[in-house]
Amino acid sequence: MAAEDQPDPDAPAGGADADVSAKLFGTWEIGELEYADPSTERYITVTPVAHTAGRHASKQFKKSQVSIVERFINRLMQTEENTGKKQQSLNYVRDAFDLIHERTEENPIQVLVTAVENAAPREETVRLKYGGISVPKAVDVAPQRRVDQALKFLAEGVYNDSFKTNTSVEEAIARQLIGAANYDVQTYAVSQKEEKERVAAAAR
């Protein structure tokens, strides 16, 4: 196939396959999602593509154009045991989405979006040095970093819940996402967010 005949990978879906392409995993609608946090909305992108093969890796901060589902999948791979196992992680998330839908009767993508919003810390601390003494100082968290931190907490929660336990990865993902979406403080991601904000409040 000539170079000019190849489709543009960044072009929007269209044509006869538009309806199929508009659904993640061919099942979940992406067009009617609700965002409760306007500050992070522009950094939570949802597309029907769950594996872009590093298309956005060449430019700094372009990660915000990657689907939040793929970013979550990539986060699940960032452990010693799962490094590089993209297809395996993708299958885990696909199966977990089915479990979430069975238990909540909601669009699992909406559950993920809500979980990310609920797990995103609004404040954290930095260390400032005054004459050789480190002093913690509370600072606001940038929206893009809030999303990054939320994905990190969710992935760590899944790892802690499933590694060397009888809990399957799919079950752990469903449990963590549903818990975070319901703002359950027993969920790892929400508890980490609360802890960060508590420490920051003490450092104001």
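Select helix α4 (residues 108-119) and helix α5 (residues 143-162): they pack at an angle of about 105°, with their axes 8 Å apart. That makes α4 roughly perpendicular to α5 (65 to 115 degrees; under 35 is roughly parallel, over 145 roughly antiparallel, the rest oblique). Axes are lines fitted to C-alpha atoms over the stretch in contact, and angles run from 0 to 180 degrees between N-to-C directions. Helices (H or I, at least four residues) and strands (E, at least two) are DSSP runs, numbered from the N terminus.

This is a predicted model: local features need pLDDT of at least 70 and side-chain atom pairs 80 or more, while totals for chains, interfaces and linings use all residues. Residues are numbered from 1 along each chain as its sequence is written, and side-chain values use heavy atoms, without hydrogens and water.

Now show the contact residues. A115, V116, E117 and A119 in α4 meet R146, V147, A150, L151, F153 and L154 in α5 (contact: heavy atoms within 4.5 Å). By class, the contact of α4 with α5 has eight nonpolar, no polar and two charged residues. Nonpolar covers Ala, Val, Leu, Ile, Met, Phe, Trp, Tyr, Cys and Pro; charged covers Asp, Glu, Lys and Arg; the others, Gly among them, are polar.

**Helix α2**

Go to helix α2 (residues 68-76). Seven of its nine residues are buried, so α2 is largely enclosed by the rest of the structure. Buried means under 20% relative accessible area, exposed over 50%, partly exposed in between (1.4 Å probe, protein chains only).

D148 is in helix α5 and R71 in helix α2, 77 residues apart. Both D148 and R71 are buried. By this rule the count comes to 13 salt bridges.

**The hairpin**

Next, select strand β3 (residues 123-130) and β4. They run antiparallel, joined by eight bridges; strands pair if DSSP finds at least two bridges between them. V126 has K137 in β4 as its bridge partner. Two residues separate β3 and β4 in this hairpin, and G131 in the turn has a positive phi of about 60°.

Click S134 in strand β4 (residues 133-140). S134 is partly exposed, at 36% relative accessibility. Beyond residues up to four places away in sequence, S134 touches R127, L128 and K129.

Then take E123 and R204, a salt bridge with closest N and O atoms 2.7 Å apart. E123 is in strand β3 and R204 in the segment after α7, 81 residues apart. E123 is buried at 15% relative accessibility, whereas R204 is exposed at 66%.

**Around α6**

Select D161 and R175, whose side chains meet in a salt bridge (3.3 Å, N to O). D161 lies in helix α5 and R175 in helix α6, so the pair ties together parts 14 residues apart in sequence. Salt bridges that share partners join R103, D161, E171 and R175 into one network.

Finish with two loop residues. Most residues other than glycine have a negative phi. K164, in the loop between α5 and α6 (169-181), has a positive phi near 60°. K164 is exposed, with a relative accessible area of 77%. Y183, in the loop between α6 and α7 (188-202), has a positive phi of about 55°. Y183 is partly exposed, at 30%.

Key. A salt bridge is a side-chain nitrogen of Lys or Arg within 4 Å of a carboxyl oxygen of Asp or Glu.
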